[in-house]
Amino acid sequence: MYCSDCGSKLKKCTTYHTSKKHGRYAVVSYSCNYYANHGKSVCTSHHIMRELIESLVLADIRARVKLVVEDEDTARQMYLQQKNSLYEKQSADNMKLLITAENHIKELDTIISRTYEERMLGRLPEELSTKMLEKYLAEHKELVTQVDEIKNRKQQFNKETHDVEMFIQRLKKYVDVQELTLEMCLELIEYIVVYERPEKYGAPRKIDIYYKFIDNHLVDGRNLYLPQNNVKINK
């Protein structure tokens, strides 16, 4: 879990209390580690009780599981859109473009070869052949670049689709889940961003949950806002 303001990890805090009814018991919460070490001059506490964060995370997971169970196709499309992947129609259009471009490249290969041959045989003036070759080679280069981009998009689409399927399959394991477990968190959650408590008492507490396979992976987990993580959140 990370602080939404400074990007530091949240630190686990355990305090012990005693009551006649429960005896001695522990209360677990989390606070911004940077705040805990340096005080309010650098950040605020972002304090949140474990019971609250666990209930919020569990509720979000259960809502996602419910959607997958009730309408898997809708869930799949939602996650594909979330990853900015290509739709099936776009993929089909790209395939048409790929075939057209590759065929044109073959035609240009033949034309370029014949142009060189005609110049070598003296049937085509050198100045004219040079201009023609420059034009054909430039078009050839542009088409090769286009083909590479289409293939890269296709590979990315296949990967995005695979990631979404993996996420959906993991969600299905927790159809009847009643409590949040460590295994569940390790399988599903990439990281969580905790915002400061709202000033108004009783106002909803905001947290952002980022999931494995459908959200960006943190390259460096030391701090959320390290440049290599390329993380941007809506505050």
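Q: Which exposed residues sit on the face of α2 turned away from its buried side?
A: E51 and E70 are the exposed residues carried by that face. Keep in mind that this is a predicted model.

Q: OK, and which residues of α2 are buried?
A: I53, V57, L58, I61, R64, V65 and V68. They sit on the same side of α2, because they cover an arc of only 125 degrees around the axis.

Q: How far does α2 reach from its first C-alpha to its last?
A: Helix α2 spans residues 50-70, 21 residues, and reaches 30 Å. That is close to the 30 Å expected at 1.5 Å a residue.

Q: What about L67, buried, exposed or partly exposed?
A: L67, which is found in helix α2, has 26% relative accessibility, so it counts as partly exposed.

Q: Switching to pockets. What volume does the largest pocket have?
A: About 440 Å³.

Q: How many residues line the largest pocket, and which lie nearest its centre?
A: The lining has 17 residues, and M1, L182, C185, I189 and I192 lie nearest the centre. As for elements, α2, α6 (182-188) and β5 each give two or more residues to that lining.

Q: β5 then: how many of its residues are buried?
A: Five of the six residues in strand β5 (residues 189-194) are buried, so to speak of the strand as a whole, β5 is mostly covered.

Q: And what does β5 pair with?
A: Strand β1 (residues 2-3) runs parallel to β5, with two bridges joining them. In that pairing C3 stands opposite V194. With strand β6 (residues 207-211), β5 pairs in the antiparallel sense over five bridges.

Q: Remind me what holds strands together in general?
A: Backbone hydrogen bonds, with the strands either parallel or antiparallel.

Q: What's the strand order in the open sheet?
A: Three strands form it, in the order β2-β3-β4, and the pairing is antiparallel. β2 (10-19) and β4 (48-49) stand at the edges with a single partner strand each, so one side of each is left without a neighbour in the sheet.

Q: How many bridges join β2 to β3?
A: 10 bridges join β2 to strand β3 (residues 23-32). One example is T14, which stands opposite V28 in β3.

Q: Last topic, cysteines. How many disulfides are there?
A: The count comes to zero. For C13, the nearest cysteine sulfur is that of C32, 10 Å away.

Q: How accessible are C13 and C185?
A: C13 is partly exposed, with a relative accessible area of 25%. C185 counts as partly exposed too, at 23% relative accessibility.

Methods: Residues numbered from 1 in each chain as written. Predicted model: local features only at pLDDT ≥ 70, side-chain atom pairs only at ≥ 80, totals over all residues. Heavy atoms only, no water. Buried < 20%, exposed > 50% of the residue type's maximum accessible area, 1.4 Å probe, protein only. Helix = DSSP H or I, 4+ residues; strand = E, 2+ residues; numbered from the N terminus. Pairing = 2+ DSSP bridges. Disulfide = S-S within 2.5 Å. Expected span 1.5 Å × (residues − 1). Arc of directions from axis to C-beta. 1 Å grid on protein atoms, 1.4 Å probe; cavity = no way out; pocket = protein on both sides within 12 Å on 5 of 7 lines; lining within 4 Å. Points joined across faces, edges and corners; volume = space filled by probe spheres on them.
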